[in-house]
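This report describes a structure chain by chain and contact by contact. The sequence and coordinates are shown first.

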Amino acid sequence: MQIIVLSAMGQDTDQPYIDRVLSGDLQAFSVLVDRYKHMVLTLALKILGNREEAEEVSQDTFVKIYQVLGTFKGESKFSTWVYKIAYHRSLDYVRGHKRRIETMSLDLCPPTQDSTFGDILDDLEARDKSAIIDTALKQLSAEDGILITLHYYEGLTLKEVGEITNMAPNTVKVRLFRTRKRLAELLRDRVQPENTYRYGAK
Amino acid sequence: MEQNEDDKWEALLRDSVRMTGLEEPSPNFTASVISKIAALPVPSGKIVYKPLIPKWAWAAMAVCAGVLLPFGLWKTSGNGTSWMFFEQMEGLAEYHAFAKIFKMEVSEGFLYGMVALAFFIFIQVFVLKSYWNKRSVLY
């Protein structure tokens with residue numbers, strides 16, 4: 001896993017490299033690849049669930065980005081444009097191989113129980129939060145994982161996340177709220193197993 | 001109160017997601033991409049639209065129109081000459097497949113069906129054009 005802070009990067013830092021690529025500087029493109037390859041791979045891996053395929057699709061994504069770089073008009077952030085291409089190429093790959101991505105975790109979400117976010121937070125304080133949350137995040141569906149990663153890791157706005165995933169900002173907002181609840185349920189099962197037992201006994 | 005808890009939970013989630021980080025690509029990831037694009041032409045800064053109907057198709061349609069139009073004009077001129085050019089060519093008219101098409105009798109329903117089909121194909125050209133335009137921006 002790699003921790004990268006991309007928030008400081010933006011259109012101002014990407015545009016000079018884009019211009020250099022368009023004038024034939026191949027090495028300038030490697031800077032853009034290095035900058036976005038982690039998120040592109042993460043998105044592809046969440047959708048495809050297979051590392052080799054995700055690497056292949058990610059590389060293919062960058063080749064495509066290179067080919068159509070001239071069509072980038074700067075109407076959105078370059079990162080949003082890159083992630084949108086990565087997201088849709090991964091979905092195309094899944095469809096091309098007649099597979100489906102998991103999108104139904106919210107429907108499986110159990111009803112809210114008597115423990116609140118506050119209770120769970122208190123219990124988490126005493127434990128290894130990151131490890132527990134990391135495990136819970138991996139239990140989310142591909143789509144929910146992508147929404148969480150784009151919004152909370154990359155710091156994209158609801159509108160930008162919606163632009164990438166072809167969802168209305170309000171839909172993204174509702175889905176993120178439900179995903180937070182779903183995560184809370186998953187975490188409660190881990191940090192308050194006695195509640196899970198009580199719930200099961202009802 | 002509940003809103004406050006949700007905010008705390010959101011903050012914790014944000015921190016945790018950032019701590020978890022992103023996937024690490026293979027060490028030769030960038031080199032592989034660069035080697036793949038090395039053989040490609042330098043991308044153009046201008047948008048090059050590929051026409052939905054290629055030039056050769058327009059040329060074919062022009063040839064068809066050029067051949068069919070005189071037949072239509074010949075018929076409407078009323079100079080007593082048959083509009084069927086092939087009928088004037090003894091022997092050939094009986095066997096020429098093109099001439100047989102014009103002699104063919106079809107029902108009204110079939111004709112309406114063909115007109116409707118042509119209309120929907122015409123509409124579809126614009127729908128497809130719009131679809132591919134959007135896609136070309138994406139890809």
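## Fold of chain A

The model is predicted. Chain A contains ten helices and zero strands, and its order along the sequence reads α-α-α-α-α-α-α-α-α-α.

Of the 202 residues in chain A, 41% are buried. When contacts in chain A between residues at least 6 apart in sequence are considered, 71% of them link residues at least 24 apart.

## Helices H7 and H8 of chain A

Helix H7 (residues 142–153) of chain A and helix H8 (residues 158–165) of chain A have axes that come within 10 Å, with a crossing angle of roughly 140 degrees. H7(A) is therefore oblique to H8(A), since angles count as roughly antiparallel only when over 145 degrees. The crossing of H7(A) and H8(A) is right-handed.

On the H7(A) side, the residues in contact are A:Ile146, A:Leu147, A:Leu150 and A:His151. Their partners in H8(A) are A:Val161, A:Ile164 and A:Thr165. By class, the contact of H7(A) with H8(A) comprises five nonpolar and two polar residues, with no charged residues.

## Contact between chains A and B

The contact involves 49 residues from chain A and 37 residues from chain B. On the side of chain B that touches chain A, at least two residues each come from helix H1 (2–20), helix H2 (29–38) and helix H6 (108–138) of chain B. H1(B) provides the largest share of this side, 13 residues.

Sorted by class, the residues of the side of chain B that touches chain A are 19 nonpolar, eight polar and ten charged.

## Confidence in chain A

Chain A has a mean pLDDT of 80, and 72% of its residues reach 70 or more. Among the elements of chain A, the highest mean pLDDT, 94, belongs to helix H3 (residues 51–67). The lowest, 46, belongs to helix H10 (residues 193–201) of chain A.

Two stretches of chain A can be noted here. Over residues 104–114 of chain A, pLDDT stays under 50, and the model has 15 contacts beyond four places in sequence for this stretch. Over residues 196–202 of chain A, pLDDT is below 50, and the model shows two contacts beyond near neighbours in sequence. Where pLDDT is low, predicted coordinates should not be read in detail.

Definitions and conventions
Residues numbered from 1 in each chain as written. Chains lettered and ligands numbered in written order. Predicted model: local features only at pLDDT ≥ 70, side-chain atom pairs only at ≥ 80, totals over all residues. Helix = DSSP H or I, 4+ residues; strand = E, 2+ residues; numbered from the N terminus. Buried ≥ 20, exposed ≤ 12 C-beta atoms within 10 Å, placed from the backbone. Contact = placed C-beta atoms within 7 Å. Nonpolar A, V, L, I, M, F, W, Y, C, P; charged D, E, K, R; others polar. Axes fitted to C-alpha atoms, helices over the stretch in contact; angles between N-to-C directions. Parallel < 35°, antiparallel > 145°, perpendicular 65-115°, else oblique. Left-handed = near helix turned anticlockwise from the far one by under 90°. pLDDT = per-residue confidence, 0-100.
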